[in-house]
Amino acid sequence: MSLAQTSPQSERAAESPGWNVEQLIGSLAKNRQAEVRFEETAFSNLLTQPLKTQGILRFTPPTGLEKHITAPHDERYLVEGDTVLFESKTKGTNRTLSLHDYPALRAFIEAFRSTLANDVITLKRFYSVTLQGEPRRWVLILRPLDKAVQELVESIRFSGEREHVSSIEIQAPDGDRSVMVITTGAP
Amino acid sequence: MVLGLAAWFVATRTHVETELSAYCRRVPHQQNACCSLNCEQARTGRLILIALEGEDADLLAGASKQLATWMRNSGAFHYVGNGEQAWTKEERERLFQNRYVLSPGVQESTFSRDHLRDSLELRLSDLTSPLSPMVKELIPGDPPASS
């Protein structure tokens with residue numbers, strides 16, 4: 001996440017002055033993979049040490065999104081349209097929610113879904129969007145516009161190189177954060 | 001379609017049932033989805049569940065929203081739930097404070113040291129879930145995750 005710490009001034013892309021959020025998200029959508037593997041580390045005030053998980057992210061355009069945690073426990077979060085399915089083999093639970101009833105969750109999901117679906121209009125309905133860096137190495141920073149969501153999430157940072165996302169960092173206002181590193185395409 | 005409405009009374013059972021019956025008589029015939037209105041009241045007289053059934057799903061959905069609005073506007077209930085999650089902060093706090101009274105799964109053993117430890121272990125996954133920002137504040141005060 002070192003990119004996020006450099007000054008925006010120095011990151012301005014002199015060799016690509018017309019480069020913008022729309023172009024970046026367009027190129028991400030054009031080159032995205034249907035499945036990628038991830039490793040995520042959660043840092044929380046409630047924990048004495050970080051929690052690590054691994055799994056697979058799947059995206060089925062335009063509205064399908066799945067986070068499947070495979071280790072150390074087995075959990076699936078499947079978004080399709082306005083419905084979210086939570087399935088935990090570890091807990092033996094299975095639950096379906098409507099995003100209509102959970103506006104904060106909807107905003108949270110749109111950060112990922114709209115970015116991957118090249119839907120900048122929806123993304124900007126929920127977030128102020130800032131792009132730092134240059135096409136070679138960039139950071140896309142989303143800050144929620146809604147006050148209720150701001151209480152839960154301070155920022156979501158996508159970092160990447162060219163048309164690939166390499167990590168996603170979610171920062172909460174209470175200091176908690178998670179860092180998801182996209183490792184490789186799933187087999 | 002079966003719709004559950006849960007509410008806390010501030011009025012007596014007789015009064016509320018009379019008012020609900022009056023409401024059902026007032027709705028237009030085509031929306032008279034209250035054709036089967038069942039009220040189940042807890043022994044304490046503080047909770048009722050209402051199911052509307054026997055009609056087209058769209059009709060029932062419209063009738064249930066109307067009924068919920070009427071109940072909220074009546075001022076006779078502390079809380080009227082109709083499937084929405086959009087609770088006020090006060091409603092959330094009231095539910096949270098009464099979570100162990102309301103949860104059917106809570107037993108004395110729920111609060112044993114071993115059970116609490118197991119519950120916390122299971123709740124570790126909540127911190128790695130996409131829902132973490134929304135649920136983590138509940139974990140310290142509710143290790144058993146009452147529901």
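**Helix α2 of chain A**

I began with α2(A), whose buried residues pack against α3, α4 (120–126), β7 (127–134), β8 (137–144) and β10 (164–171) of chain A. I took helices (H or I, at least four residues) and strands (E, at least two) as DSSP runs, numbered from the N terminus. I called a residue buried if 20 or more other C-beta atoms lie within 10 Å of its own, exposed if 12 or fewer, and partly exposed in between, with C-beta atoms placed from the backbone. The helix spans residues 21–31, and I noted its buried residues as L24(A), I25(A) and L28(A). They lie on the same side of α2(A), because they cover an arc of only 90° around the axis, the arc being that of the directions from the helix axis to the C-beta atoms. An α-helix has 3.6 residues a turn, so residues three or four places apart point the same way.

**What I am working with**

The model is predicted, and I kept in mind that local features need pLDDT of at least 70 and side-chain atom pairs pLDDT 80 or more, whereas totals for chains, interfaces and linings use all residues. Residues are numbered from 1 along each chain as its sequence is written, while chains are lettered from A and ligands numbered from 1 in the order in which they are written.

**Where the chains meet**

I found 23 residues of chain A in contact with 16 residues of chain B, a contact being two residues whose C-beta atoms, placed from the backbone, lie within 7 Å. On the side of chain A that touches chain B, at least two residues each come from β1 (35–43), β2 (51–60), β3 (64–71), β4 (75–80) and α3 (103–116). The most come from α3(A), which gives three residues.

**Chain B**

I listed six helices and four strands in chain B, running β-α-β-β-α-β-α-α-α-α from the N terminus on. Of its 147 residues, 17% count as buried.

Most residues other than glycine have a negative phi, and most peptide bonds are trans. I noted a cis peptide bond from P61(A) to P62(A), with omega near 0°, and P62(A) lies in the loop between β2 and β3. Another cis bond joins A71(A) and P72(A), with omega about 5°, and P72(A) sits in the loop between β3 and β4.
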